[in-house]
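Please read this note with the sequence and the structure side by side.

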Amino acid sequence: MRTAKRFFLIFLVALFSMAQIFAQDWDDDWGDGSSSNSSEKSAGGFWDKFKISGDASLGGRIYFDGESAGKTEVRAIPELKLGLDYEGSSTNFNARINLSERTLLHNQIDILDEFRADLFLGDFVLSAGKMKVVWGKGDKLHVVDNFNANDYTDFLIPDYLDRRAGEYMFRVQYNAPSIFRLEGIWTPIMRGEVYAEDGRWVPAKVNKLTNQVMGSFATADSVSGAGLLKMLELQDNLYPNTNRLKYGQFGFYGNFSIGMVDVGVSYYNGHYKQVSANMSPFLPFLKGQPASVPTLEYDKLQVFGLDAQAAAGPFTLRAELAYNLTKDVAGDDPWVHNNSISYLAGFDVGIPLHNLNLNVQGTGNFVLKKDKISDTMIAKGGYKQLDTDYDPTGCYSNNKIVVQLKDTFYYEKVEAMIKAIYGFERRDLVLMPEVSYKIRDEWKARLSGLFIHNFGDDGDSEFEGWLDNSFIQLSVTYSF
């Protein structure tokens with residue numbers, strides 16, 4: 001609690017400092033008040049620097065259950081986004097509000113989606129606020145972008161930035177004229193990944209993890225003599241409290257050019273955004289001894305990253321490579337993620353047929369020292385399934401290809417797109433078609449859908465529990 005208060009005190013001081021610079025912009029624009037005409041003219045100039053924007057949309061989504069073709073579910077999806085922007089001579093201020101079912105009913109912290117104050121000091125930019133920062137050259141798909149967690153409340157349906165959770169951070173950028181760019185980021189606290197608590201989009205792996213921990217605790221409870229009431233009290237406190245300096249993050253990013261290639265080098269120091277279960281307190285029970293409750297942890301993580309982008313004729317080439325370093329370098333700690341290597345490689349190209357654009361990206365992850373997962377003490381004792389990295393199929397890689405084909409028609413008023421995601425190891429397929437029509441002015445109608453299917457015969461799907469969540473959706477949006 002003290003560390004959280006300390007952080008907010010530091011944060012308020014930083015914002016107060018930026019407010020002083022903001023006030024200087026105010027004074028510069030309003031003048032000294034010696035002339036009423038001058039004041040009125042300056043006042044108009046000041047207020048002209050503010051801009052209010054937003055989107056109001058209402059959609060209807062129809063789910064079709066695969067097991068029962070006649071069973072459907074219809075949901076209304078209203079959403080309102082508001083933005084406030086100020087551009088001064090030495091400061092900028094931006095704020096974003098998101099009012100939706102997700103934020104109002106389940107995740108109120110994200111009603112204020114983003115707010116940021118920027119201070120410009122020559123080649124330096126100082127920023128503070130609740131921010132979303134993207135590292136890497138991928139197109140809405142990354143392996144070196146680690147500061148912001150994902151919000152999977154509505155699966156992969158929102159756009160990349162829309163499903164990123166804002167993080168309280170301080171950011172320093174240095175833009176050397178025509179040479180390179182450097183930046184450093186520090187976040188005093190951290191947010192873990194956000195999942196649906198109920199409904200169709202609760203991940204099966206989250207349910208399994210919770211049931212595993214709670215089930216083992218219930219068993220251990222009968223041995224240790226602790227009461228059922230204690231177990232129920234703990235049910236809402238399984239996840240660690242990340243509002244502590246212990247979970248702070250920091251990192252550095254450098255960007256420069258080598259000939260025609262744009263190169264990025266990055267370092268991240270923080271934690272995994274997905275929890276792992278530490279079952280060691282439960283192990284005494286396996287020997288018939290008193291045991292205590294297992295815990296969930298966010299593993300310490302360092303990421304060393306490289307990314308690059310280049311043009312080759314009509315192609316834009318992109319690549320990212322990340323080495324994910326945890327405390328389990330040897331691979332023999334069952335409660336901590338093994339080290340791993342992640343990659344992304346792809347391109348986009350305009351096809352000389354109508355207005356077609358093709359975007360292809362492949363991405364994957366390889367767990368290192370995977371042989372140790374079957375060679376630990378718990379594995380030899382017949383409990384290797386408790387290992388954080390354990391996979392029942394024995395496959396410790398996850399490779400996907402993402403293909404997007406887009407075209408425009410009727411003076412670019414109509415846009416048609418289809419995105420396909422295919423997982424090679426688990427044979428998962430996700431199709432996301434979409435057609436939008438600009439009705440007039442700021443009105444737009446959109447017809448979209450989602451289809452999920454698994455071609456495997458062993459039930460090993462990354463989207464287990466979601467295979468019946470295919471739907472079509474119609475929405476109308478007004479932008480202002």
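The numbered points below concern a predicted model.

1. Strand 2, which covers residues 72-87, and strand 3, which covers residues 91-100, pair in the antiparallel sense over nine bridges. These two strands form a hairpin, with three residues between them, and in this pairing Glu-87 stands opposite Asn-92 of strand 3.

2. Strand 3 also pairs with strand 4 (residues 112-121), again in the antiparallel sense, and here the pairing runs over seven bridges.

3. Strand 6 (residues 167-175) and strand 7 (residues 180-187) run antiparallel and are joined by six bridges, with Phe-170 having Trp-186 in strand 7 as its bridge partner. The two strands form a hairpin with four residues between them, and in the turn Ser-178 has a positive phi of about 60°.

4. Strand 7 is joined to strand 8 as well, by eight bridges, and these strands run antiparallel. Within this pairing, Ile-185 stands opposite Gly-251 of strand 8.

5. Arg-244, Lys-246, Lys-300 and Lys-327 form a positive surface patch. Where does Lys-246 lie in the chain? Lys-246 is found in the loop between helix 5 (228-234) and strand 8 (249-258).

6. Is Lys-246 buried or exposed? Lys-246 counts as exposed because its relative accessibility is 52%, and the cut-off for exposed is over 50%.

Terms used:
Residues are numbered from 1 along each chain as its sequence is written. This is a predicted model: local features need pLDDT of at least 70, side-chain atom pairs count only at pLDDT 80 or more; totals for chains, interfaces and linings use all residues. Side-chain values use heavy atoms; hydrogens and water are left out. Patches are made of residues with over 30% relative accessible area and no salt bridge: like charges are joined within 9 Å, nonpolar side chains (Val, Leu, Ile, Met, Phe, Trp, Tyr) within 5 Å. Accessible areas come from the Shrake-Rupley method with a 1.4 Å probe; for residues, only the protein chains shown count as cover. A salt bridge is a side-chain nitrogen of Lys or Arg within 4 Å of a carboxyl oxygen of Asp or Glu. Lys and Arg count as positive and Asp and Glu as negative; His and the chain ends are not counted. The place of a charge is taken as NZ of Lys, CZ of Arg, CG of Asp or CD of Glu. Buried means under 20% relative accessible area, exposed over 50%, partly exposed in between (1.4 Å probe, protein chains only). Two strands pair if DSSP finds at least two bridges between them.
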